[in-house]
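Please look over the sequence and the structure shown below before reading on. The briefing that follows goes through them topic by topic.

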Amino acid sequence: MEFELMESDILEALEDLGYKGPLLEDEALTQAVSGGASSPEFTKLSAWLVSELRLYCKLEENVQATNSPNEAEEFQLEVSGLLGEMNCPYASLTSGDVTKRLLNQKNCLLLLTYLISELEAARMLCVNTPPKKAQEGGGSEVFQELKGICIALGMSKPPANITMFQFFSGIEKKEKIEAINQAIANEYEVRRKLLVKRLDVTVQSFGWSDRAKSQTEKLAKVYQPKRALLTTKCTISIAHLLAARQDLSKIMRTSSGSIREKTVCAINKANQTDLYPELESY
């Protein structure tokens with residue numbers, strides 16, 4: 001009788017929550033709950049409740065529905081992680097053998113009751129304290145970033161009908177970093193020209209021997225297409241800077257140990273030991 005009352009309350013709550021799945025049919029919920037984690041239908045209902053709950057709560061853990069009884073153990077592990085994050089107060093759902101918690105009818109009904117009550121509470125809280133509109137709360141995260149740029153550059157508030165192209169054009173006129181970028185681009189263009197010239201000279205030196213002279217056409221056929229792709233002009237713009245991720249600021253030296261492990265070879269290792277005999281002991 002106790003289980004029948006619980007199932008009746010669950011069915012009524014599911015209808016109120018907008019559930020349209022197959023477990024609203026007669027005896028379907030009873031059969032699914034009896035199978036517990038081994039029943040794909042039970043896991044689908046649980047996963048639906050969790051997916052609805054995640055619309056209102058910031059949850060890192062998630063629960064996926066299963067397709068066969070063989071996935072029951074994985075499902076229970078996911079539920080265990082979710083309940084731990086939610087600080088579930090029911091010991092029968094959070095303690096004991098994690099692979100056996102949802103294999104009995106009582107615990108399965110308790111899980112559904114708990115998830116339903118949490119979802120109902122989350123929806124009621126959302127109704128009572130609806131999220132503020134973007135303009136009321138200061139705007140979205142992107143808007144806040146753009147607003148911060150305007151403040152930092154001393155720009156006046158842009159008109160409401162301004163396009164993004166016009167907005168960023170105005171930023172470029174205000175930013176001193178454009179001049180800095182151009183200076184750096186000019187410097188690196190000189191460096192690229194030097195490196196490309198060195199490459200050309202090096203490749204030319206390969207053809208100095210009598211044997212190589214007979215392979216000039218083959219060498220040119222391989223080298224020239226690749227050489228044509230090497231441009232000396234810098235293509236980095238302010239747009240690249242604004243779109244850059246924070247982790248790009250972490251530059252690893254080419255002489256660092258982790259990098260050298262992948263680039264060291266017998267030739268430069270031999271050169272090192274010739275110059276520094278003490279390295280032979282390492």
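**A loop residue and the chain around it**

Asn 87 is placed in the loop that lies between α4 (72-85) and α5 (91-94), where helices (H or I, at least four residues) and strands (E, at least two) are DSSP runs numbered from the N terminus. This is a predicted model, in which local features need pLDDT of at least 70 and side-chain atom pairs count only at pLDDT 80 or more, while totals for chains, interfaces and linings use all residues. Residues are numbered from 1 along each chain as its sequence is written, and side-chain values use heavy atoms, with hydrogens and water left out.

**The chain as a whole**

- The chain has 14 helices and zero strands, and from the N terminus on its elements run α-α-α-α-α-α-α-α-α-α-α-α-α-α.
- Of the 282 residues of the chain, 24% count as buried, where buried means under 20% relative accessible area, exposed means over 50%, and partly exposed lies in between (1.4 Å probe, protein chains only).
- Among the contacts in the chain with a separation of 6 or more, 53% come from residues 24 or more positions apart, and contact here means heavy atoms within 4.5 Å.

**Loop residues**

- Asn 87 has a positive phi of about 55 degrees although it is not a glycine, and with a relative accessible area of 63% Asn 87 is exposed.
- Cys 57 lies in the loop between α3 and α4, and its relative accessible area of 28% makes Cys 57 partly exposed.
- The C-alpha atoms of Cys 57 and Met 86 are separated by 9.8 Å, although the two residues are 29 residues apart along the chain.

- Helix α3 (residues 40-53) has 14 residues and reaches 20 Å from its first C-alpha to its last, which is close to the 20 Å expected at 1.5 Å a residue; the expected span is 1.5 Å times one less than the number of residues in the helix.
- The buried residues of α3 include Phe 42, Leu 45, Leu 49 and Leu 53, and also Thr 43, Ser 46 and Glu 52.
- Leu 17 lies in helix α1 (residues 2-17), and Leu 17 counts as buried because its relative accessibility is 8%.
- Leaving aside neighbours within four places in sequence, Leu 17 is in contact with Trp 48, Leu 49, Ile 116, Leu 119, Glu 120 and Arg 123.
- Leu 17 and Glu 52 are 35 residues apart in sequence, and their C-alpha atoms are 9.4 Å apart in space.

**Helices α7 and α8**

- The axes of helix α7 (residues 141-153) and helix α8 (residues 164-174) come within 11 Å and cross at roughly 30 degrees, with axes being lines fitted to C-alpha atoms, for helices over the stretch in contact, and angles running from 0 to 180 degrees between N-to-C directions.
- That angle makes α7 roughly parallel to α8, since angles under 35 degrees count as roughly parallel, over 145 as roughly antiparallel, 65 to 115 as roughly perpendicular and the rest as oblique.
- In this pair, Leu 146, Ile 149, Cys 150 and Leu 153 of α7 meet Met 164, Phe 167, Phe 168, Ile 171 and Lys 174 of α8.
- By class, the contact of α7 with α8 has eight nonpolar, no polar and one charged residues, where Ala, Val, Leu, Ile, Met, Phe, Trp, Tyr, Cys and Pro count as nonpolar, Asp, Glu, Lys and Arg as charged, and the others, Gly among them, as polar.
- The 13 residues of α7 should span 18 Å at 1.5 Å a residue, and the end C-alpha atoms of α7 are 19 Å apart, which agrees.
- Gly 154 follows α7 and has a positive phi, near 70 degrees.

- Not counting residues up to four places away in sequence, Asn 181 touches Ile 236 and Ser 237.
- The axes of α9 and helix α11 (residues 216-228) come within 12 Å and cross at roughly 175 degrees, and that makes α9 roughly antiparallel to α11.
- Val 196, Leu 199, Asp 200 and Val 203 of α9 make this contact with Leu 219, Tyr 223 and Arg 227 of α11.
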